[in-house]
Amino acid sequence: TGTLPADWVDQQVKRIDRTDGDIETLVQRIAHIRTWSYVSHRNDWLDDAAHWQGRARAIEERLSDALHDRLTQRFVDRRAAMLTKALGDGIDLIAAVTRNGEVKVEGHYVGRLDGLTFIPDAMADKTHEKALMTAARRALSREMPMRVRRLVDSPDDAFRLREDGKVLWHDHAVGRLVAGAAPDRPRVVALRNDLIEGSEKEEIERRLQALVQARVRDALAPLYRAEEAKLEAGGRGLVFELLTDLGMVPAERVKSQLAHLDKADRGRLTALGIRFGTETVYMPALMKAPVVALKTLLWATHQSLDPVPPAPDAARVSLAVEPERARGFYQAAGFVPVGRHAIRVDILERFAADLRRRTKDGPCPVEGPLASLIGVGLDDLEPIVRALGGYRLVKGESDDGKPLLQ
């Protein structure tokens, strides 16, 4: 017929389509399949040349992958053997850390530095992991103290406090928040690192502690100004409660302090940005989105929550309450749980004032704007108004059939 028989070609190709064997065997098979690839591109030599082209290409790719794996393993084995022998003989190893963080010993890649964390080469065999870490320790014996010094001397803008409570240095995690004596005083611990001495770890923690405390004091500055103000006992007690709850407390809980608050202290506290609502005492300055995110993190850290729940959207006027979330989570974010919803504190106080205004002369019809103020539907309104001073809805008693609020 002038073409090669398909079954005979199939037998020849099948002999090559194997990925076992050593490096030399795989190299030979790749050479052989490339011959068949050449044959498959001679359209007059084979029937259905496109089929054989695709098959030859797929086999060459499998063989190339297998060859890469064998070469990598040979490199890893030789590296491990060299390091093990050199360490056993007590030979001084030449080590270096490249600009992009690669750690090399005697020219062999053993891992990389991510900030202060050494990440061993993922290709390393578990049986040689000890030798690799020992070599890395020697390689980094001079580098790590220098990196620690650079971290300690870095300006504040080199650090970032992430939403999950990790402290980042140039985008590398180096520490994390843990519960401290109070929500606004978290402790900072350095991430575990076997390459850092105890004294260096303490230096890192002191630097990170100072950084975090400065960030907290800056975000909660209005609260600290109130804490430092000259106040009588009632005023000091109220500010203490506000600081404990990160800027907002239910009025019922501090009614004793409010009862002992004289006119002068109330005026001073008002001037310091504290608002006295009927439902809460709060500071509007602490309701900006970045501050809300930090307060939520501080509360979650003090509760030792892991993972840290995401902060509510500070722009929302209300949220559906998630049953697994504690009341303190919403309060730290500036929301007050009422019924099945958590309402932003400033909106709640406006809503409560509106309720009082509407009902001062007796029952009044319930209108859409009343519910829209707090971002809920009319069906969700009743449990909210019941929780606010015992209001209730009397259905079907108005002239137009709408429920009455009384």
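In which handedness of crossing does H6 pass H11? I found that H6 passes H11 in a left-handed crossing, a term for a near helix turned anticlockwise from the far one by less than a right angle.

I noted that this is a predicted model, in which local features need pLDDT of at least 70, side-chain atom pairs count only at pLDDT 80 or more, and totals for chains, interfaces and linings use all residues. Residues are numbered from 1 along each chain as its sequence is written, and side-chain values use heavy atoms, without hydrogens and water.

**Whole chain.** I recorded 15 helices and 17 strands; these are DSSP runs, helices being H or I of at least four residues and strands E of at least two, numbered from the N terminus. Of the 406 residues, 44% are buried, that is, under 20% relative accessible area with a 1.4 Å probe, protein chains only.

**H6 and H11.** I looked up helix H6 (residues 198-219) and helix H11 (residues 289-302), which pack at about 125 degrees with axes 10 Å apart; the axes are lines fitted to C-alpha atoms over the stretch in contact, and angles between N-to-C directions run from 0 to 180 degrees. Arg215, Val216 and Ala219 of H6 make the contact with Val291, Leu294 and Leu298 of H11, where contact means heavy atoms within 4.5 Å.

**H1 and H2.** I then turned to helix H1 (residues 6-16) and helix H2 (residues 23-40), which pack at about 155 degrees with axes 9 Å apart. H1 is therefore roughly antiparallel to H2.

Key
Buried < 20%, exposed > 50% of the residue type's maximum accessible area, 1.4 Å probe, protein only. Parallel < 35°, antiparallel > 145°, perpendicular 65-115°, else oblique.
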